[in-house]
Amino acid sequence: MCGIVGYLGPKEKKNILLDGLQELEYRGYDSAGIAVISQGKLQHFKAVGKLENLREKARDFRSEGLGAAIGHTRWATHGKPTELNAHPHVGAFSYVVHNGIIENYQELKKELEAQGVRFLSQTDTETIVHLFEAFINKGMEPFEAFRQTIARLEGAYAILLISEAAPETIFFAKNGSPLLIAFDGDEVYFASSDTAVIGKAKEAYYLEDGEYGFASAGEVRLFDRDGPKAFSTQPLPSDKAMAQKDGYRFFMEKEIYEQSSVIGDTMLGRVLDETIEFEELPARFFEGISRIKICACGTSYHAGLTGSYLLERLAKVPCDVEIASEFRYKEPLLSTDTLFITISQSGETADTLEALKMAKRAGLKSLTICNVDNSSIVRESDAAILTRAGIEKGVASTKAFATQVMVLWMLSLYLSQRDDKLDRDRRRRELDAMRRTPKALVVEEKLHERIHRLSKRYLHGHGFFFIGRDIFFPLALEGALKLKEISYLHAEGYPAGEMKHGPIALADAELFTIALMPRSLLYDKIKSNVEELSARDATILAISPEPFELADDFIGTQHSEHSMLEFFEMMVVTQLLALEISIRLGNDVDMPRNLAKSVTVE
Ligand code: F6R
């Protein structure tokens, strides 16, 4: 979720780092920093907010001669976006930058504090630099100290470390977060994504998990669990825009594929063996709360609607959901035992922000589920749970929705723990299903190919109805919104049981019904709703693990006991369907007409 760069060579280092970070800024931008060791002198600069602030701070700095330099642009996970929490993190004579999350940092921190180490930040990353220096202080050689440090870390990381103990050297390690080493003659570059080094270096090696080593005097030594390792480089791509999309045709497509891994980030440190933890929630935050009101717009509203089923079912808290632009002008009756939850990808949506201010004026406690730390809605709220989806570039929201739903599911279980609302077995089943979610979100090539082939039959018609029941009703709303946003075809989401109360009058062969038919939830009910439509000659695309003989088209999903796993799998199907239809129609998938990513006007 953050970006890192490194450089070892004779050139002016500040600009190399800042230009590299500029390319990575789309991954996170709540703070940034650089550190340089050149001719024995260690220097660093950090700034909160956009990279321009760091550029301004380091304006007069120049570094001459051979040296090592590292930089980082941050998207906060542990600790607020302050200068102290910004990377590089500093010890007595070393600096580190890190992407990922060190899961056992609290245990390491305690150990180091017991040895007299003073921590400056609230981050997990700072433990790395102190651990390294503790080994050096015990008399270890720098590379051995680095190796021992890495051996103690649990979790995901891409790490670069520089130290006065080994000037003109960069230590590196990768496990679960991306990192590459790039070369131009004797000059060595590091980056979390190749966009940062395209145009500077000519070839690169993309590290595998478990690899680590050091670069010194133009040479890179690579190791893994079995010892020293040879590696070969490959030419770097020349097109930056393509590189940012990691080979996908559109950002939206890339973001659909990323969902499996970002959901892992959303759960990290929160889904524990037996419980759900939210470190960011103040103690006793829910005291005095007996109801929940969720308020949001668009896709975030659909996530909220999904959450309302989960909150009532798991946490047994009454919950209602409102569209922010409606809530603002309806003169709502509010009571202070209600927790006001806003959901927003951007954290800047004007209607959601104003609704939040109204609720605060009425004395309600507020919580936001948001993707952008330090955004207006986060700052305005009493507490925030960050979704950790990373920056979403496609205008049509995908991974942000997935992570919002995941947070709401975790929150429901978290609240159920308060008064033991669920028996042990049920809680365990929910936790098990959560852990299996990243797998349910993996996009199989065969599935994508099938949706691509099917999509050619859905480029016309007088409309689409996405139908579902229970949590699959908000998913139907979201599927229809995705389709209309990027295909410009008319689509509606509807509760399947409501079709016979009016909309069924539209049914004929040109009405496309996308039926969400999970096996784990109300299967027989939705089946008879779809049969009613089929009897009126509607064209049916059934999405289900269960073959359905009346379907004109069928997309088979996995059998799964838990409805949330079916939910996430069907979500991917509806996203891919919208994507493929839009591509066939020749539309601009990432920037559909008339839309903006962040709606800061009413
Ligand atoms: C649809 C979409 C929008 C947003 C809505 C709220 O793909 O992205 O419907 O969900 O504009 O935006 P946020 O979540 O930023 O408050």
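User: Happy to be looking at this one with you! What is the strand order of the open sheet of eight strands, and what pairing does it have?

Analyst: The order is β3-β2-β4-β1-β10-β9-β11-β15, with antiparallel pairing. This is a predicted model, where local features need pLDDT of at least 70, side-chain atom pairs count only at pLDDT 80 or more, and totals for chains, interfaces and linings use all residues. Residues are numbered from 1 along each chain as its sequence is written, and side-chain values use heavy atoms, leaving out hydrogens and water.

User: What makes β3 and β15 edge strands?

Analyst: β3 (41–48) and β15 (234–235) each have a single partner strand, so one side of each is left without a neighbour in the sheet. Strands here are DSSP E runs of at least two residues, and helices are H or I runs of at least four, numbered from the N terminus.

User: How do you know that β11 pairs with β15?

Analyst: Two strands pair if DSSP finds at least two bridges between them. Two bridges join β11 (residues 203–206) to β15, and these strands run antiparallel. Ala204 stands opposite Gln234 in β15.

User: Which strands does helix α1 touch?

Analyst: Helix α1 (residues 13–24) packs on the sheet and touches β1 (3–9), β2 (31–38), β4 (67–74) and β10 (187–191). Contact means heavy atoms within 4.5 Å.

User: Why is Glu253 called buried?

Analyst: Buried means under 20% relative accessible area, with exposed over 50% and partly exposed in between (1.4 Å probe, protein chains only). Glu253 has 6% relative accessibility, so it counts as buried. This residue is found in helix α7 (residues 251–267). Leaving aside residues up to four places away in sequence, Glu253 touches Tyr248, His448 and Leu579.

User: And what makes α12 roughly antiparallel to α17?

Analyst: Helix α12 (residues 399–418) and helix α17 (residues 563–584) pack at an angle of about 170°, with their axes 11 Å apart. That angle makes α12 roughly antiparallel to α17, since angles over 145 degrees count as roughly antiparallel, under 35 as roughly parallel, 65 to 115 as roughly perpendicular and the rest as oblique. The axes are lines fitted to C-alpha atoms over the stretch in contact, and angles run from 0 to 180 degrees between N-to-C directions.

User: Which residues meet there?

Analyst: From α12 come Phe401, Ala402, Val405, Met406 and Trp409, which meet Met564, Phe567, Phe568 and Met571 in α17.
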